Amino acid sequence: MAPLGIRVVFSAAVLGSSAATSEEKTGGLGQQWAKLYRGIAATPWSDHHTRHKFRPGDGTAQKIQEYMAKRRLMDVTDPDTDKPYGSDPSGTYTPRMDGKAKMNGELMDYGVFDCPWEKSLDPDYPAMCLPYQQILSPFPDAVLPTAEVFKVPGGLVGDFATRDASFVMPDGSTMECSDEIERLTGARCAAGNAALGHGAICEGFVEGCTFSKPGTRKCDSDKCKAWHKKTRCTGSECTSGYEEARVPYPETYPGNNGGAFTPQSDADEASKCSKSDSVLQWLKCGIPCPVDFPMEVGDLVWQGVAVIGFMVISLAIGVFTYFKVKGDSSNYFVAGRNLPTWILVATLGCQCLDASTALGNLDLAYKYHFWDGAALPLGLALSLIIMGVFFAKPMNDMNLLTLPDAFARFYGEGAEVVCSLVTLISFTFLLAGNLVGCGKIVSFLFGMDQYAGIMISTFLIWVYASSGGLLSVAYTDVVQGAIGWTGFIIATAWIQNSMPNHAGVSAAYPVGDQTAYGEGVADADSYEPVPNAVFFNWVTVIVLAFGNCMALDFHARCFSAKNGNAARMGCIIAGIVAGTIGIANTFNAGTTRALYGPSSPHAEFVANSCSAHITVIGCFGGAAADPSLNKTCNAVPLPGVPTCGEWKPDPYANLKMLTCSKPECHFFADFDGSGGYAAGTEDYFPMNAFLGGWYLLGIVAASMSTAAGAIVAMGTVFSHNLLRKTGKISETNLLPFARASTLLFSIIAGLIAMTRPNETGYFLIVAFDCVFAAGVVPLFALVYWKGIKPEAGFLSLVVGAVVRIILEFALPKDGLLLWFGSFARSFGPGIEDPQMFDEAIMFGKLAEVCPQEALLDMTGLDSLVSPAVSLVVLVLVQLLPIKGWGGKWFTPVPEVDADADEKRVTSVPEVDAAADEKREVQL
């Protein structure tokens, strides 16, 4: 889960092929100019061989597929000298103007990425594929008369103030002028993109930033402070030649000033992202403005009606089962303890395939990469298999009503209460995550506020779940599973066969993309230069695999099985089926990334951000009015970008991919066959409307099933394991109190969901992190450690929870989940100051200028340490001669006949002192 900032098109000022002729006229200055504008730093980077593409037309498709599987086995050299591409004795990065290179002995050409709108370029820019840039020449015109030297009318130090709407571009189009352009750029007029039909100022659609946090956007390192001082100099304090037109380097980015690079005075406000971050995406970076989503709310009505209709039908089934419960708590809590294996497979599988594993995994894999999303269904599937192997049968044989009952039976009522509290907190977050998923779909389809979508979903799911309890959930899971699972399978098969499933080689992906990289499982640098949160991904799998062994809904379904063997087989089969469907479903994120990722027409970037690690295909060359100059913008690899370093993923991208069915939906270009299509393919790939709607119903079904199961489980534990301690709850009023308490937890979960309405996978990990830290170790002990002490189980439970809370605040965390890897670094503010720009681009020192800092987030370490400490405490207390505490809270509660209306002993029978003393001696 790593920061990703990849630009679509970037150019640096570099002299065209006529530079050598011009040098003869100016001697030293011309030679200095030519050397200065050779570009970016020259030492070949570690994987330079992976940053190029095969030449179009040389049978590339198969070669690129083989190459992508062996990404680090390529060697790129200059076709004339066979020296490393870009090497030069001057120490600068000197690209070939013809874009040729040799890879593993084969000639390649970047010509397909030459500037597509070079005929629309400003005639004052002989070396630009940018419509606007403040820095034209670092030398005053009196020192280097560029108009005379380079035969460019007006020279390279153009006066923007003289430009107006009558200024004509080479293609005959005029410039766009407005107060807004002047506010944002300092120039009154600027060029739009005539080739694509958009103006100079872009409209942004994505509000927040994914790959940076307010803390990581603040530029307060020593490098930042040095540039703060240099760019705020006056007169003789400034570096010679840079006394004028200084642009103070920001103390934070993006500025939050309506898109202008100059931030507002309030640093905290300036560090917030907004839709205006990308308004200068075209003018400052040369990246076309993002294309709006072509579907209107009215186009999605039938899908919205289908979703709401499905939810209402589920609600009706819940109300119907209200009468089947007949006031019997065993029907409500454990569905009468007679569910067969096939229903268990359906209901357990539906609990596993929730909104997080059906939508959250897609969101994560789209934003980051495949394994970041696949970790969710993989971890949950393993948890069901672990449940089946270790817990399903023995827990079913105990004839329990809730999971905390097991803790009471072996550790006493103290452990029961702590277990109840921990699991209630856990399942409140689990419910919140599913309300986010369901609410996100409802709000998107009906064009309503995201909070309204969560509120509607919360109400409908609460009524459905609270009416019939586990009985209604179990039987509707069969229907929901049939609809959801078949929808996932059929729609995924269609998407993978009818739509692009990964981005090909492009300006944003110099080596192309894949649906999944095998090395991404273990190598933190496998996505070079994009970092990979491999440690956190593995922690996610471990937390979900073992933390779900404390899942109230999983255990409730095991308790409801007709026997232990049915519970065991139900868990194992459900884990295999749900895991397979969930992981296969994750492959669809490659399609979303291809159609809405950084190389797509919808891509948005934070214009005011730089990166020295991002590699793009950029353009060198010119569009000068003099035909004797090189007029071709030659595409070459550029390591690092001074602006538009951070990509802004669309939080609704997966829903857009599933619902965009118009003919103009989903433009995709495969330049050379590396995207899975014929070289030169440019086409639209709309989604099948029926299958997209079916897929959405599957997500809603998964969300409703898990959410309803969580509601029932929380109501059961709260009323049965906590309220009964007050002595005011009996078998006669247990069920009404259980139903009433579900409303409380639904409201709390809904409010929590509203704090992160777009993060579908986040709450799932939080939910089971809680119980993994505290409950898993004593759970294994009560099943498999004969004679386990109540004190050992209780302290293991409490200490694990306390350690987790302490480490949550004690460990360094920046919110980006990156700890290991060479590329786990922040972005820096965009580079605008003349001296900074020259140092970064002209002198090839972008890595030294862009103030990227190492990121450090130890999230995940706390998740692993806490259960380890819990295990140590349990073993020590069990083996050391510690006197038993005794009393009501630490005396195991004896088993009672669960068939007698699920009655349970809530107070400990009195024991004489001699018996108590005898027990302590035995312990």
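**Disulfides and confidence in a predicted model**

A search of the whole structure finds 8 disulfides, a disulfide being a pair of cysteine sulfur atoms within 2.5 Å. This is a predicted model, in which local features need pLDDT of at least 70 and side-chain atom pairs count only at pLDDT 80 or more, while totals for chains, interfaces and linings use all residues. Residues are numbered from 1 along each chain as its sequence is written, and side-chain values use heavy atoms, with hydrogens and water left out.

One of these links joins Cys202 to Cys289, with an S to S distance of 1.9 Å, and the torsion about its S-S bond is about -75°, so the disulfide is left-handed. The pair links distant parts of the chain, 87 residues apart: Cys202 lies in the loop between β5 (189-190) and α6 (222-231), and Cys289 in the loop between α8 (281-285) and α9 (301-325); here helices (H or I, at least four residues) and strands (E, at least two) are DSSP runs, numbered from the N terminus. Both Cys202 and Cys289 are buried, a word that stands for under 20% relative accessible area, with exposed over 50% and partly exposed in between (1.4 Å probe, protein chains only).

Cys209 and Cys273 also form a disulfide, with their sulfur atoms 1.9 Å apart, and the link is left-handed at -100° about the S-S bond. Cys209 is buried at a relative accessible area of 12%, as is Cys273 at 13%.

As for confidence, pLDDT (the predictor's confidence in each residue, from 0 to 100) has a mean of 78 over the protein, and 74% of its residues reach 70 or more.
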